[in-house]
Amino acid sequence: RALAPAPSAAARPLSVEASMDDSVSDLKRQLEAAHGAAWGLEGRRRDRDGLALGWELVHRDGGAMSYHLFLRDYDVQHGEILHAVVRRDGAEDAGG
């Protein structure tokens, strides 16, 4: 699956290996580990899963993907583009 980078990152999709059985939190954890510093996520408060607050994965329908659901619940297909939306510093308390 490819994800559009955050605005501060390069303007090219990122390839990610994931299974339909992965949860959205699993995918976010993988992305945060690989790109969190570049996306400005370091030092932010954490949610109960240990993920930085203030960023979401957005599905093709335009809605934020819920952390407790699985990729299969969204019918994510091989090669599909998801978007990582990162709030600016100081705005992470709005959700995550």
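In the predicted model, S23 makes contacts with Y67, L69 and F70 when residues up to four places away in sequence are set aside. This serine belongs to the loop that joins strand 2 (14–15) to helix 1 (24–35). Its relative accessibility is 10%, and S23 is therefore classed as buried, the limit being under 20%. One of the residues touched by S23, F70, also takes part in a charge–ring arrangement: the charged end of R72 is placed over the ring of F70, at 4.7 Å from the centre of that ring.

The protein chain contains four strands and one helix. Read from the N terminus, these elements follow the order β-β-α-β-β. Of the 96 residues in the protein chain, 39% are buried. Among contacts with a separation of 6 or more, 57% involve residues 24 or more positions apart. The accessible surface of the protein chain amounts to about 5400 Å², and carbon and sulfur atoms contribute 51% of this area.

The mean pLDDT is 85, and a score of at least 70 is reached by 80% of the residues. Helix 1 has the highest confidence, at 96, whereas strand 1 (residues 2–4) has the lowest, with a mean of 50.

Aromatic pairing was examined next. The search of the whole structure returned one aromatic pair. This pair consists of W39 and W55 in an edge-to-face arrangement, with 5.5 Å from centre to centre and 65° between the planes. W39 is located in the loop between helix 1 and strand 3 (55–58), and W55 in strand 3, so the pair ties together parts that are 16 residues apart in sequence. Both W39 and W55 are buried. W55 has a further neighbour in K28, which lies over the face of the W55 ring at 4.7 Å from the ring centre.

Side chains of opposite charge can pair when their charged atoms come close. Five salt bridges are present in the structure. One of them joins the side chains of R29 and D26, with an N to O distance of 3.4 Å. Both residues belong to helix 1 and are three residues apart, so about one helical turn separates R29 from D26. R29 is classed as partly exposed because its relative accessibility is 36%. D26, at 32% relative accessibility, is likewise partly exposed.

A second salt bridge brings together the side chains of R46 and E32, at 2.2 Å from N to O. This pair links distant parts of the chain, as R46 is situated in the loop between helix 1 and strand 3 while E32 is in helix 1, 14 residues apart. The two partners fall into separate accessibility classes: R46 is partly exposed, with a relative accessible area of 42%, whereas E32 is buried, with a relative accessible area of 11%.

A further salt bridge is formed by the side chains of E80 and R60, with 2.5 Å from N to O. Here too the pair links distant parts of the chain: E80 and R60 both lie in the loop between strand 3 and strand 4 (81–86), 20 residues apart. E80 has a relative accessibility of 11% and is therefore counted as buried. Salt bridges with shared partners connect E80 and R60 with D75 in one network.

D75 is also marked by its backbone geometry. Its phi is near 55°, a positive value in a residue other than glycine. D75 is found in the loop between strand 3 and strand 4, the loop that also holds E80 and R60. At 40% relative accessibility, D75 is classed as partly exposed, in contrast to E80, which is buried.

Terms used: Residues are numbered from 1 along each chain as its sequence is written. Side-chain values use heavy atoms; hydrogens and water are left out. Helices (H or I, at least four residues) and strands (E, at least two) are DSSP runs, numbered from the N terminus. Buried means under 20% relative accessible area, exposed over 50%, partly exposed in between (1.4 Å probe, protein chains only). Contact means heavy atoms within 4.5 Å. Accessible areas come from the Shrake-Rupley method with a 1.4 Å probe; for residues, only the protein chains shown count as cover. Rings of Phe, Tyr and Trp (its six-membered ring) pair if their centres lie within 6.5 Å; planes under 30 degrees apart count as stacked, over 60 as edge-to-face and the rest as tilted. A charge sits over a ring if NZ of Lys or CZ of Arg is within 6 Å of the ring centre and within 35 degrees of the ring normal. A salt bridge is a side-chain nitrogen of Lys or Arg within 4 Å of a carboxyl oxygen of Asp or Glu. pLDDT is the predictor's confidence in each residue, from 0 to 100.
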